[in-house]
Amino acid sequence: MIWIITSLLFWVVAIAINVHLVRHKVPGASFLVPIIFGVTILVLWEGMVRGFNISPVLLPPPSAVGVALVSKTDILLQDLVQTFFKGALTGYAMGCGSAILIAIAIDRSAFLQRGLLPVGNFIAALPIVGLAPIMVMWFGFDWHSKAAVVVAMVFFPVLVNTVQGLQATDHMQRDLMRTYAAGYVPTLLKLRLPAAMPFIFNGLKIATTLALIGAIVAEFFGSPIKGMGFRISTEVGRLSLDMVWAEITVAAILGSGFYGLVALLEKRMTFWHPSQRKTR
């Protein structure tokens, strides 16, 4: 019972501290408030699991997850390299890069716009649980098949956003470029692509989460003896839930950091856009 009472008291104190930080506009409150909130969630989780004697097979306490993170660092790092750097990041670069290039081609040709967009929509509608086994059969059990799944997942969101962004300029802006005798390529590089950047980054941010999810799920359908998806499925079978939660924690931190990196790059490259000026 002492665990439950202590965790609830910690929760009340944390709420009071956060309210004080927000009301008095303490410097650094925007940074401190989410940290205190996160620590509170962990304390409540630990207290409730220990207070109600919940089996670690159902829900391990955060302390057990932390021990797994520290003691199995080598395994977690190996899985991270296999899943993220080889599978997710490679597929992300290939899928997003090809989507932007094809979007430019679609914008240039009405024929391609009528033909390729439905194909892209069809690929996006394919369920990953059906696509992953096929890719494993085609490209093998290593990271290549996972990168192929990621390409299929990130391609359509980036394609649609880029096509929409390339159409964001109005007639007056395009007419002004024509008065300067600017051809298609100068207009694309100096007007249309810069104007499309907010749309492109919107697709890139969506793709960051899809890439990691796709790589992890694809590993459930065949992989070498490493990788986040492989480790999660294996440790679940062994009822080692602390290691499963450790992998989930690494994936969550990695996905959030990847998204934040793309968002930071967006702020640097689209500082002129009204949506960014409002947040400054």
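**Exercise 1.** Is W245 buried, partly exposed or exposed?

*Solution.* The model is predicted, local features need pLDDT of at least 70, side-chain atom pairs count only at pLDDT 80 or more, and totals for chains, interfaces and linings use all residues. Residues are numbered from 1 along each chain as its sequence is written, and side-chain values use heavy atoms, without hydrogens and water. Buried means under 20% relative accessible area, exposed over 50% and partly exposed in between (1.4 Å probe, protein chains only). W245 has a relative accessible area of 28%, so this residue is partly exposed.

**Exercise 2.** Classify the pair formed by the rings of W45 and W245, and locate both residues.

*Solution.* Rings of Phe, Tyr and Trp (its six-membered ring) pair if their centres lie within 6.5 Å; planes under 30 degrees apart count as stacked, over 60 as edge-to-face and the rest as tilted. The structure holds five aromatic pairs. In the pair of W45 and W245, the centres are 5.2 Å apart and the planes stand at 65 degrees, so the geometry is edge-to-face. Helices are DSSP runs (H or I, at least four residues), numbered from the N terminus. Because W45 belongs to helix α2 (residues 29-51) and W245 to helix α11 (residues 241-269), the pair ties together parts 200 residues apart in sequence. W45, at 22% relative accessibility, is partly exposed.

**Exercise 3.** Treat Y92 and F258 likewise.

*Solution.* Their ring centres lie 4.9 Å apart with planes at 65 degrees, so this pair is edge-to-face. Y92 is in helix α4 (residues 73-108) and F258 in helix α11, 166 residues apart. Both Y92 and F258 are buried. One aromatic cluster comprises F84, F85, Y92 and F258.

How values were computed: Helix = DSSP H or I, 4+ residues; strand = E, 2+ residues; numbered from the N terminus.
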